[in-house]
Amino acid sequence: MRTSQYILATLKETPSDAEVVSHQLMLRAGMIRKLASGLYTWLPSGLKVLRNVETIVREEMEKAGAIEMLMPVIQPADLWEESGRWEQFGPELLRITDRHNRPFALGPTHEEVITDFVRKEVSSYKQLPLTLYQVQTKVRDEVRPRFGVMRAREFTMKDAYSFHLDDACLEKTYQVMHQAYCNIFERLGLDYRPVIADTGSIGGSVSHEFHVLAESGEDAIAFSTESDYAANIEKAEALAPATERAEPSKELNTFDTPNAKTIAELAEQHGVKARKGVKTLIVYGAENEDGERGLVALIVRGDHELNELKAEKLPLVDSPLEMAKEEDIVAAIGAKPGSLGPVGLDIPVIVDHSAAVMSDFVAGANKDGVHYSGINWGRDVAEFTTADIRNVVEGDPSPCGQGTLQIKRGIEVGHIFQLGSKYSEAMNAGVLGESGKNQVMTMGCYGIGVSRIVAAAIEQNHDKFGIKWPQALAPFDIAIVPMNMHKSHRIPDIAEKFYADLKAAGLEVLFDDRKERPGVMFNDMELVGVPFTLVIGERNLDNNQVELKNRRTGEKVMLDIDSAVAEITKLMA
RNA sequence: CGGCGAUUAGCGCAGCUUGGUAGCGCACUUGGUUUGGGUCCAAGGGGUCGCAGGUUCAAAUCCUGCAUCGCCGACCA
């Protein structure tokens with residue numbers, strides 16, 4: 001490709017609405033342009049990278065025995081009603097109607113469509129197990145699209161679905177796919193981790209996410225220092241402390257705290273250490289028979305955070321979790337948030353394990369501007385239950401029993417699920433078993449965020465000059481940068497010859513034939529992240545040499561013109 | 001969905017307080033100059049100042065409403 005004929009579209013300045021480095025570099029390197037919030041056009045070089053990811057994904061899927069197909073983006077509402085997700089999915093499901101006023105959804109995922117397909121086409125256990133996949137555009141009406149293609153409203157996803165007669169078979173395929181995912185991320189050259197995950201709106205039992213480690217990641221993941229254990233923080237279990245609760249040593253006393261509404265203010269103004277106080281969070285309880293919701297108090301140690309997911313799974317708590325409105329709290333308790341505590345509450349009290357072993361601690365007195373000190377469970381609060389409702393923190397013992405937990409940030413690029421019969425049962429998808437009786441299939445599903453991988457890869461591979469593509473992802477293998485081509489009689493011929501020869505050797509070559517100064521060309525090639533740059537200049541021509549620069553290492557080597565193509569080809573193999 | 005902010009040329013921004021015919025840098029076009037790391041000079045093209053309404057002799061500028069985009073939050077009491 002000649003830059004003069006290409007739409008390189010590099011930018012000197014960073015568009016002001018790009019926050020994270022991958023988004024900035026994708027814009028500056030001419031890979032994407034925004035059409036509207038969360039909607040992006042892929043430019044030629046960006047598309048090449050996207051296709052490179054797709055190719056690796058396809059190859060590994062095929063190796064794992066999956067078969068490619070393609071399903072529609074537009075899906076009839078009936079299928080979603082059948083699975084129950086027309087209601088459950090919420091506003092993220094973008095809904096449209098056709099000219100006959102029939103409701104449709106733009107597919108955020110394809111469990112319904114594939115299950116419908118398989119129940120119609122597969123009728124015998126002999127056809128199982130079966131794994132089908134597609135690489136396709138997904139639509140999710142995100143509350144807040146951000147970070148460029150990292151969280152877009154329209155994106156490319158590889159989704160695979162497996163069908164089995166029983167869970168043992170599903171488990172086997174799940175492991176095969178797990179391995180295939182590892183292979184994919186290895187080949188992409190990414191620093192990644194598989195972690196135990198929640199199943200969210202997709203459903204099912206067992207689930208793993210694959211995270212690319214990056215500071216800008218939206219998820220926190222917890223690892224054991226001693227074992228392979230790794231889990232999304234929303235799923236990582238906080239073990240109950242092994243220590244017993246100490247006996248009360250202080251009397252219950254009130255003290256005035258007119259300006260202390262947060263743990264931080266309490267610490268600052270009254271010298272109460274965060275770990276000597278508790279936070280009392282009031283949420284709505286599960287609906288009773290009359291459809292009414294009471295309030296529930298959730299209590300965690302002052303330096304801990306509530307884990308929403310753990311809390312909403314408790315039977316007493318409404319799901320999804322919703323914090324109580326201030327007016328409801330005042331009506332029921334008589335005090336505003338900031339002065340709440342467990343003493344004298346007549347709503348259910350659920351205490352985190354770590355808070356339940358505290359003694360002589362501080363909390364609000366359920367009277368505005370007043371706190372208690374010297375609170376003790378049992379003596380001062382008779383009725384409460386305990387549960388794991390907090391996020392793990394760095395240094396907590398690992399749930400696997402080995403080592404302590406460490407926390408890092410990650411970008412979720414893959415997610416695999418053992419769905420079980422959630423969809424097949426709701427949609428009555430069965431086959432005839434060996435006995436001749438109908439048997440509901442059990443399913444797995446496996447997703448990879450293809451477009452998100454492109455951004456995640458940049459997060460891990462860049463410097464102040466631009467992108468440093470791993471070879472497998474790079475839009476071009478090598479760039480030819482001739483110095484002052486239009487001034488020299490020798491350089492154009494040599495550059496053209498290299499262009500032809502390197503292309504003939506099977507490489508993707510970007511030939512910078514613009515009438516630009518060397519600095520401009522170098523900067524653009526570094527911004528775009530081309531792994532190798534072949535510099536052709538008068539200076540080295542007298543020695544019959546050209547210079548090859550490695551973008552990742554910065555290393556420069558001189559090559560003899562005659563053997564250069566052979567050496568470069570060897571290097572790329 | 002709540003709070004904050006922005007919206008002026010393709011990109012980055014100034015002008016608005018104090019109303020008086022729209023500017024800078026980059027990019028683009030043309031000519032010259034320079035040439036191994038974003039040269040320099042000159043001449044050009046490009047804008048219904050987000051949209052709608054209002055105030056005024058006169059609105060990018062003041063007022064009202066709306067839209068779009070972004071950030072933070074949507075549990076940490």
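Leaving aside neighbours within four places in sequence, which residues is Gly338 in contact with? They are Ala260, Lys261 and His371, where contact means heavy atoms within 4.5 Å. The model is predicted: local features need pLDDT of at least 70, side-chain atom pairs count only at pLDDT 80 or more, and totals for chains, interfaces and linings use all residues. Residues are numbered from 1 along each chain as its sequence is written, chains are lettered from A and ligands numbered from 1 in the order in which they are written, and side-chain values use heavy atoms, with hydrogens and water left out.

- Of the atoms of RNA strand B that come within 4 Å of the protein, 47% belong to sugar and phosphate.
- By class, this surface has 17 charged, 14 polar and 13 nonpolar residues.
- Strand E14 (278-287), helix H14 (518-528), helix H15 (538-541) and strand E29 (545-550) each supply at least two residues of the surface near RNA strand B. Helices (H or I, at least four residues) and strands (E, at least two) are DSSP runs, numbered from the N terminus.
- H14 gives the most to this surface, with 7 residues.

**Side-chain polar atoms at RNA strand B**

- The side chain of Asn484 has an N or O atom 2.3 Å from a sugar or linking oxygen of RNA strand B.
- Ser37 places a polar side-chain atom 2.9 Å from a phosphate oxygen of RNA strand B.
- For Lys34, a polar side-chain atom lies 3.3 Å from a sugar or linking oxygen of RNA strand B.

**Lys34 and Asp17**

- Lys34 also meets the side chain of Asp17 in a salt bridge (2.7 Å, N to O); a salt bridge is a side-chain nitrogen of Lys or Arg within 4 Å of a carboxyl oxygen of Asp or Glu.
- This pair links distant parts of the chain, 17 residues apart: Asp17 is in the segment before H1, and Lys34 is in strand E1 (residues 32-36).
- By this rule, the count comes to 36 salt bridges.

**Domain 1 and domain 3**

- Chain A is divided into domain 1 (15-212 + 411-458), domain 2 (253-387) and domain 3 (476-572), with bounds that come from an automatic or database domain assignment.
- The C-alpha centres of domain 1 and domain 3 are 40 Å apart.
- In contact across this boundary are 5 residues of domain 1 and 4 residues of domain 3.
- The two domains bury about 400 Å² between them, 69% of it on carbon and sulfur atoms; buried area is the accessible area (1.4 Å probe) that two parts lose on being put together, summed over both.
- Arg28, Ala29 and Lys48 lose the most area on the domain 1 side, together 79% of what that side buries.
- The count between domain 1 and domain 3 is 1 salt bridge.
- Lys48 forms a salt bridge with Glu508, with the closest N and O atoms 2.6 Å apart.
- Helix H1 (21-28) and helix H2 (44-63) each supply at least two residues of the side of domain 1 that touches domain 3.
- The residues of that side divide into 2 nonpolar, 1 polar and 2 charged.

**Loops and backbone**

- Gly338 is in the loop between helix H9 (326-333) and strand E16 (349-352).
- From Gly338 to Lys503 the separation is 165 residues in sequence and 69 Å in space, C-alpha to C-alpha.
- Leu128 and Pro129 are joined by a cis peptide bond, with omega about -5 degrees. Pro129 is in the loop between helix H5 (111-121) and strand E7 (130-139).
- Asn428 is not a glycine but has a positive phi of about 55 degrees. Asn428 is in the loop between helix H11 (422-426) and strand E21 (430-432).

Note on methods
A residue is near a molecule or strand if one of its heavy atoms lies within 4 Å of it. A polar contact is a pair of N or O atoms within 3.5 Å; within protein, one must be able to donate a hydrogen and the other to accept it, and residues adjacent in sequence count only if both atoms are side-chain atoms. Ala, Val, Leu, Ile, Met, Phe, Trp, Tyr, Cys and Pro count as nonpolar, Asp, Glu, Lys and Arg as charged, and the others, Gly among them, as polar.
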